[in-house]
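This report describes a single protein model. The sequence and the structure are shown first.

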Amino acid sequence: MQSMNKPIVVANWKMNPQSLAEAKRLFDSVSKGLKDIKNTEVVICPPFIYLPLLNNGGRTSIKLGAQDVFWEKKGAFTGEISSKMLKDLGCQYVIIGHSERRRYFNETDEVVNKKLKTALATKLNPILCIGETQQERKKGKTKEILKRQLTNALEKISDFRLHTSDFVIAYEPIWAIGTGKACSPAEAKRAGDFIRSTVSNIYNQKFAENLSILYGGSVNSQNAKPYIFEADFQGLLIGGASLKAKEFIKIVKSVS
Ligand code: PGA
């Protein structure tokens, strides 16, 4: 069953671009190009340090998101950023459990669960990323992995609590991220449907039906459309292609 929410397109800039001037240029070009788009939620997640400098006080319809958050509220945690700080800078979304964080920073399901709770407590909309590696996929373990990631991430989080923000899940098969080998819409749909039915088992059908599930992994302006119109996803998480203003604008327009 497909959710009726308006599509969400999230740009994950990762550790790019390398200067504030470029970041501002990219943000301004995207804002201008999408100023008439009303029926799609566009979220840009730049590196932390650019957030306050891109926050234009709501003069564009583009929302800001962070790429990560720490789970503690405040205190002696050198190098970390709290959810309250993000809220204060005008952030509305936060990506949690991206595979690059899991891989390079050893983020476990337990860490992801703690970060989710923190984001929800501050009413930051979490974008929970889950997905299998190529090896797991080859061994036929995709569903097992998705179920484990979901169950652990959502442990002791009630649907009531999830309702306090716009909770979003992104299916990002790791083998499709940054490789140019996007998952086919048919295969992605099987994973998306499985995610929805797993969420339905954890909570209930109504909650699962209304949940927005995004696809991410080598999305570009040529392949974006079918994920939304054929594979029942409610949005996209874009890495590489979000760094090119024209390409990103095309992607958003193609699904709006
Ligand atoms: P990609 O990255 O679009 O460059 O594959 C997606 C992501 O990591 O969110």
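## Basis

The model is predicted, so local features are given at pLDDT of at least 70 and side-chain atom pairs at pLDDT 80 or more, while totals for chains, interfaces and linings use all residues. Residues are numbered from 1 along each chain as its sequence is written, and side-chain values use heavy atoms, with hydrogens and water left out.

Helices (H or I, at least four residues) and strands (E, at least two) are DSSP runs numbered from the N terminus. Buried stands for under 20% relative accessible area, exposed for over 50%, and partly exposed for the range in between (1.4 Å probe, protein chains only). Contact is defined as heavy atoms within 4.5 Å.

## Helix α1

Helix α1 covers residues 20-33, and its 14 residues should span 20 Å at 1.5 Å a residue. The expected span is 1.5 Å times one less than the number of residues. The end C-alpha atoms of α1 are 20 Å apart, in agreement with that value.

Ala23, Leu26, Phe27, Val30 and Ser31 are the buried residues named in α1. They lie on the same side of the helix, because their arc around the axis is only 130 degrees; the arc is taken from the directions from the helix axis to the C-beta atoms. Arg25 and Lys32, on the other side of α1, are exposed. The cover over the buried residues of α1 includes β2 (41-45), α2 (51-54), β3 (63-66) and α12 (245-255).

## Helix α5

Helix α5 runs over residues 109-121; its 13 residues should span 18 Å at 1.5 Å a residue, and the end C-alpha atoms are 18 Å apart, which agrees. Its buried residues are Asp109, Val111, Val112, Asn113, Lys115, Leu116, Thr118, Ala119 and Leu120. Among the elements that cover them are α3 (83-88), β4 (91-96), α4, β5, α7 (142-153) and α8 (159-163).

## Isoleucine 8

Isoleucine 8 belongs to strand β1 (residues 8-12). With a relative accessible area of 8%, isoleucine 8 is buried. Apart from neighbours within four places in sequence, its contacts are Glu41, Val43, Val168, Ser212, Leu214, Gln234, Gly235 and Leu236. Glutamate 209 is 201 residues away from isoleucine 8 in sequence and 16 Å away in space, C-alpha to C-alpha.

## Salt bridges

The whole structure holds twelve salt bridges, each being a side-chain nitrogen of Lys or Arg within 4 Å of a carboxyl oxygen of Asp or Glu. Lysine 189 pairs with aspartate 193 at 2.7 Å, N to O. These two residues are four places apart in helix α9 (residues 185-202), about one turn of the helix. Lysine 189 also forms a salt bridge with aspartate 232, at 3.7 Å, N to O. This second pair links distant parts of the chain, 43 residues apart, with aspartate 232 in the loop between α11 (225-229) and β8 (235-238). Lysine 189 is partly exposed at 26% relative accessibility, as are aspartate 193 at 35% and aspartate 232 at 23%.

Glutamate 155 and lysine 156 form another salt bridge, at 4.0 Å, N to O. Glutamate 155 is partly exposed at 43% relative accessibility, whereas lysine 156 is exposed at 69%. A network of salt bridges links Asp68, Arg101, Glu107 and Lys115.

## Pocket and cavities

On a 1 Å grid over the protein atoms alone, a cavity is a set of points where a 1.4 Å probe fits but cannot get out, and a pocket is an open set with protein on both sides within 12 Å along at least five of seven lines; lining residues have an atom within 4 Å of a point. Grid points are joined across faces, edges and corners, and a volume is the space filled by probe spheres set on the points.

The volume of the largest pocket is about 500 Å³. It is lined by 19 residues, of which Lys14, Met15, Gln67, Arg101 and Phe105 are the closest to its centre. Helix α4 (residues 99-104) contributes the most to this lining, with three residues.

There are two cavities of 30 Å³ or more in the whole structure. The largest cavity has a volume of about 50 Å³, and its lining consists of Gly97, Ser99, Arg102, Cys129, Ile130, Gly131, Gln149, Glu172 and Ile174. At least two residues of that lining come from each of α4 and β5 (125-130).
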